[in-house]
Amino acid sequence: MGSNKEPNQGRKEFIKKGLLAGGGLLVASELIKWKPMIEAVKATQHTEVLPLVETVSTEDVVIRMQKELHEALKKPVEEIHWIMVIDQKKCVACDACTVGCSAENGLPPGVVYRPVIKEEIGTYPNVSRRFTPRPCMHCENPPCTQVCPIGATYKRPDGIVSIDYDKCLGCRYCLSACPYGARSFDWGEYHTENTPEVMPYELEPTFEYGDEKVRKGNKSPIGNARKCHFCIHRLQNGMLPTCVTTCIGRATYFGDLNNPNGLVASLIGSPRVKRLKEKLGTKPSVYYLT
Amino acid sequence: MKRLYFFIIGAFSLVGLWAIYYRLTEGLKMTALTSNVSWGLWVVFYIFFIGLSAGSFLLSTMVYVFNMKQYEKIGKVALLSAFFSLVAGLMFIFIDLGHPERFWHALVYRQPTSILSWEIHFYLIYMLIIVAELWFLLREDISRLVIKAKGFKKFVFKLVSIGYSIPDNSEKLERDRKQTHKWMKILGIIGIPTAIGVHAGTGSLFGVIVAKHMWNSGLTPILFLVSALVSGAALMLLLYALLVPKEKQDNTMLKSLGGLLILFIAVDLLIVAAKYLVGLYNYVPDERQVLLNMMFGERWYIFWVGQIMLGAIIPILLLSIKKGSSTLKALAGLSTILGIFCVRWNLVVPAYLESPMPGLETAFVHDRLLFEYTPNLFEWITSLGLISIVILLFSLALNSLPIMETKEGKEDNGETADGVQAI
């Protein structure tokens, strides 16, 4: 029995060793194949900070908008389409734009170009607030210019809806026609009226539409419709609208829609974007990021 | 009595002149208007008078175009009141401008997309048509007056007659009368679409405004037109009952005018019901809220008492009294006219009282940015003054021209003027 067992044993051993050797060879050959890959993985393990892609800038958006503004101004006026983008998540309702605008344009009492609408949403304890600054929408299809009997308010080739103060009759039809309530009438009042004297700073000239005008007596802009004009007089001189520069949260952006690499054009390609009362077909040039 | 009447209305006219002067020097800050309620009492009066004018004119065409002889007695007075109502309407819109001194801009600069621009041209053509019609109608009588009158009056009549003098033989006179008849028809035929353009156009002025959902409807111009006919018929009823002495009044005339008025009121009610009920039916707040505020808000009475009671129910009741006196008919006319004023108010002001965007009313707070409007004393005084001026001119014209006379029954001037004082 013993002798019978041995050769048997020997054969088993042999098969075992053979299998082991074969397996080992297989593993070894696989290892040789994988080595460069493993090394390649190891090579990436010590990481380094890559430089940012050139298109992403670290400079303040105001500086960038300023640069883009200068670039746009080199183009002929009909190739520009000024738009404004307002990020409602960034707006803190500080009213700096409203105040800055009033100071820039010397706005009398009762005239406002850019109020900030403050809404409360939800019921306690689930509440939040939404802030909507409301400049003139500078619509592509403005209902206000359409109704003006004398064409005193009109759309400029760069998309700005402007008013010819020296032509305007003061019929206030455009005020009724604006779906956004963006127009005010200059009633001829002064902030310091009914005080011993009207303060001289209220009689300082303003420069809307690039015209020097002093509000006095019945002279324009008294008795005219007035509204936001994207600070045309500042744009002409290479400056951003006042509300853009005074916005502490950098929530208001301004630029040329026709510049595909520009900041505003990139901002409005977002699912957050909306325009007010879009169903009316007015196509506002002011976009909101909600 | 006549003197007292002219004294009182003259005094009011002076107040009106003062108000115009004050308004022109001080600007629109004298009004209670705001940037959000940009049209107020003066615009209400403007569309009221334009409507009155178009209504009166369209009634006059019944005589001169459609040859309805039974209305001939009111033909001239209808044209004359159409003229003076138009003057009143244009005066109201003139003082409502921020820069009245630039009114000529409207004729120099044009804007084909603006209804208002078209309207201004319509008003002018319309005024020319009325003036031409009045001249054709009255030239014979005026040239007689030129011969009779002396001094300043003669000068005025000569001016008004524009060089026409009555022919010396009856053959030529007959020829001139035929010419008048022909021209009245031609002018009337041109006048009908013009008058419709004048008032339906004024309605479109509101109807096209997409921002005000209550106005923005195809029914708005129609509503303007039909209520113009209502006010025109009511004015004719009132003037006829007042100006023609009782013993000379033609009862069938009063009756048929009354019937016409009821018909117009009924059509008007139908359109009002269609417009407002459709607006109220769905829960879309844009129009529904405005209508609810108008009917059940703070000023509910303008709709229920003014528009419905004074403007429809009372006149219909007064006119349906079978043996009603002419005083009752005059009252019905007066009540309708007051009612139509309320209609005009409700067509203009309520649409402004809703904020176009939630939260805008509190975004920047100032008296001139309110969504509220109550006319102040100055606006009322100015309005009364302006209306007095127009009534004064109208009375002077009635007093000196043979407006209420017809070929059949001539009344003398004194009697006609006696009637004037009752206005």
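This is a predicted model: local features need pLDDT of at least 70, side-chain atom pairs count only at pLDDT 80 or more; totals for chains, interfaces and linings use all residues.

Trainee: How many residues does the contact take from chain A and from chain B?
Mentor: Chain A gives 50 residues and chain B gives 49 residues.

Trainee: What area do chain A and chain B bury between them?
Mentor: About 3,800 Å². Carbon and sulfur atoms account for 58% of it.

Trainee: Which residues in chain A lose the most area to chain B?
Mentor: L169(A), Y173(A) and W187(A). Together they make up 20% of what that side buries.

Trainee: How many salt bridges between chain A and chain B?
Mentor: Four by the rule. One to look at is K29(B) with E193(A). Their closest N and O atoms are 3.2 Å apart.

Trainee: Which elements of chain A supply that side?
Mentor: β2 (116-121), α4 (143-147), α5 (173-177) and β6 (184-185) each supply at least two residues.

Trainee: Switching to chain B. What span does helix α1 reach?
Mentor: Residues 2-26 of chain B, 25 in number, reach 36 Å from the first C-alpha to the last. That is close to the 36 Å expected at 1.5 Å a residue.

Trainee: Which residues of α1(B) are buried?
Mentor: Among them are Y5(B), F6(B), I9(B), I20(B) and R23(B). Glycines G10(B) and G16(B) are buried too.

Trainee: What comes just after α1(B)?
Mentor: G27(B), with a positive phi of about 85 degrees.

How values were computed: Residues are numbered from 1 along each chain as its sequence is written. Chains are lettered from A and ligands numbered from 1 in the order in which they are written. Side-chain values use heavy atoms; hydrogens and water are left out. Contact means heavy atoms within 4.5 Å. Buried area is the accessible area (1.4 Å probe) that two parts lose on being put together, summed over both. A salt bridge is a side-chain nitrogen of Lys or Arg within 4 Å of a carboxyl oxygen of Asp or Glu. Helices (H or I, at least four residues) and strands (E, at least two) are DSSP runs, numbered from the N terminus. The expected span of a helix is 1.5 Å times one less than its number of residues. Buried means under 20% relative accessible area, exposed over 50%, partly exposed in between (1.4 Å probe, protein chains only).
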